[in-house]
Amino acid sequence: MELLDDLFALSGIESPQTIREAMHNYALSEEFDQTYAYGGALGAVYHKRFTRFVLWAPLAQQVDLLVFKDLYSELYDSYPMKRQKKGTYEASIAGDCHNLAYSYRLYFPDGSCVYSQDPYAKAATVNSGRSVVVNPTSAYPEAWEEDQGPKMDASEVVIYEANIRDLTAAPSSGVRFPGKYLGLAESGTKTAQGLATGLDYLADLGISHVQLMPFFDFATVDEERESGRNYNWGYDPQNYFLPEGSYASDPFTPVTRLIETRQMIQALHQKGLGVIMDVVFNHVYDEESHPLMLTVPDYYLRFHESGHPANGSGVGSELATERRMMRRYLLDAIRYWVEEYHVDGFRFDLMGLIDVETMQAVRQLADQLGPNIIILGEGWNMGHCLADQDKACLENASQLEGISFFNDRFRDALRGNDFEEGHDTGFISNKKHMEFQIVENLKGSQTLNGEDYHFHAPQQLIQYCAVHDNWTLWDKLAITRSHEVVGFRRRRQLLANTLIALTEGIPFFHSGQEFLRSKLNLRNTYNAPVEINALDWDKRDDEIEAVTYLKDLLDYRKKHEVFRLTSFAAIYDHLEILRADSQIIIAVYQAADRQILVAYNASKYKQLVSLPEGTWKLRASEGRFYTDEEMRETYQEEAELAFLAATIFEQVTK
């Protein structure tokens, strides 16, 4: 006797509508969730002599495995799958099934018949038309077994967010495979002026990790069409276990994208860089065509009492991560990308739509797979299906030790929010009385806007002022300071970069932020032509001094532990704020062998300020660091601060 026997008995007796309603109610019940939770293997389990296919589809009355004659043939053989425990269906195909294309055909009690790809597919034909079996080792590049990412404490992490296509799509990148996995894997590329681009540039910048925008298989780029206008950021998940095909040199050959993704990750690892994968487990793009919805209708989604799917993200139906098999699906994907692709971390899109228990399980799994795996996400409080205390949002940080949150409070305090056409300003753009909020963040943000969020460590906050969303920092300043000369806006951006680089917590930079990247003042470029989104390497060459300044800042952060302390107690012991008023902030750090005074002047005027007792030397000012040999002039009692700039003084104590 099975829980669903009564449902199956309705087939051919009750109306399809009545049966569909019964299916919906079963799928969303706790009894169904508990009864059919399954822990065995799922997907196409490859062996050299046979492949076993396992699909979890409790609501289906019959499932057929469709095996195609070749990757793109319309001819197929149909094999009935046997219903097994916990609502799974199984079938085996003898022989070496490498590169075999397959799909599933499911029959449900309401009389419907659907065709679906495998939710656990590890490879696919172009545009995910069919799932494909692969021999895993056939997709390993040379020396893949020896590949590993950098090992470091969270306090050493500096993140650089980029899109795979954006990094090398411009002709000025000089790569052979522009906009592709292989483009980012290529070393030795240069601009016409002879300056490094792509991989070599990232390796020399001083960052520790590259956060790559979605490169799992997404739905909104036509992989058959190569065009600069055929572009999307990829926050539209289609297959969670395989890479996106449009970044591959050959999207028609299933194994190509698997090999080239690994080659890209391997190349980044060889340069000492970690790879953070941007993942979207809060929603599905098109529920009607997604394998999760096709194989177990309604189960994986959240619904309002009205019966309509919840859409807390505003861009697609919410995934019900609190349900056992949805949680398992998410965790299986995380494990797969770490074990099979050697990914070093995950950025969770709209993490506040995921439940706390699931994210705790993610952190626990990450610790088992490797303690250096970074977990971060957008902790906005969104949606109405989960209780506030159950959301993996910023307000629940105390329940999510080891998980970092984007700190939008710091972002807004620095340069203003993005509402009302972006006209709001912040500390760097001449808003008054922002010093307290900036100081909170310099100290690692144990409190945000005066509220105690009970963070476990400063590294629970991602300190940033620009990401792929909304305007670039340069374009934001073009809105708020449109009346100013470009030179003033440039100084404001370098001031912001200094604050991000030297704050406690984990610094985060949007690609091109270091060289004043613009997207032609467009706010949301998720599907804009690649010409708008691509990094302009000629612009980078023009702003090489600004790039050098960021490199020096990150090197300075790395040399002095006081900028990356791991506890709030240590911060209080080593950091003293001497002044925070009138657009001036002066902070003194007690480093191991010296005192470091960092003064931020967000006003448009030079300022004469008092210095603590002793003799001080100038280490950096107006976007430039000075060598020990250049630090000849000494200062006592007072010094003049450059306008719209950070100034760093040192006093050697040992």
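**Core packing and salt bridges**

Leaving aside residues up to four places away in sequence, Phe-346 touches Ile-276, Met-277, Val-279, Ile-334, Trp-337, Val-338, Ile-373, Ile-374, Ile-375 and Leu-376. The model is predicted. Phe-346 and Phe-348 touch the most other members of the largest nonpolar core, which has 177 residues. Helix α9 (residues 324-341) gives the most to this core, contributing 11 residues.

- Another core, of 15 residues, lies apart from the largest one; among its members are Leu-350, Leu-353, Ile-374 and Phe-508.

**Salt bridges involving helix α9**
- The structure holds 46 salt bridges.
- One of them joins the side chains of Arg-262 and Glu-340, at 3.3 Å from N to O.
- Because Arg-262 lies in helix α7 (residues 254-270) and Glu-340 in helix α9, this pair ties together parts that are 78 residues apart in sequence.
- Arg-262 has a relative accessibility of 1% and therefore counts as buried.
- Arg-328 and Asp-332 also form a salt bridge, with their closest N and O atoms 2.6 Å apart.
- Both residues of the Arg-328 and Asp-332 pair lie in helix α9, 4 residues apart, or about one turn of the helix, and both are buried.

- In the salt bridge between Arg-347 and Glu-378, the closest N and O atoms are 3.1 Å apart.
- Arg-347 belongs to strand β17 (residues 345-348) and Glu-378 to the loop between β18 (374-377) and β19 (404-406), so that distant parts of the chain, 31 residues apart, are linked.
- Arg-347 counts as buried at 2% relative accessibility, and Glu-378 counts as buried at 7%.

How values were computed. Residues are numbered from 1 along each chain as its sequence is written. This is a predicted model: local features need pLDDT of at least 70, side-chain atom pairs count only at pLDDT 80 or more; totals for chains, interfaces and linings use all residues. Side-chain values use heavy atoms; hydrogens and water are left out. A nonpolar core is a set of buried Ala, Val, Leu, Ile, Met, Phe, Trp, Tyr and Cys residues joined through side-chain atoms within 4.5 Å. Buried means under 20% relative accessible area, exposed over 50%, partly exposed in between (1.4 Å probe, protein chains only). Helices (H or I, at least four residues) and strands (E, at least two) are DSSP runs, numbered from the N terminus. Contact means heavy atoms within 4.5 Å. A salt bridge is a side-chain nitrogen of Lys or Arg within 4 Å of a carboxyl oxygen of Asp or Glu.
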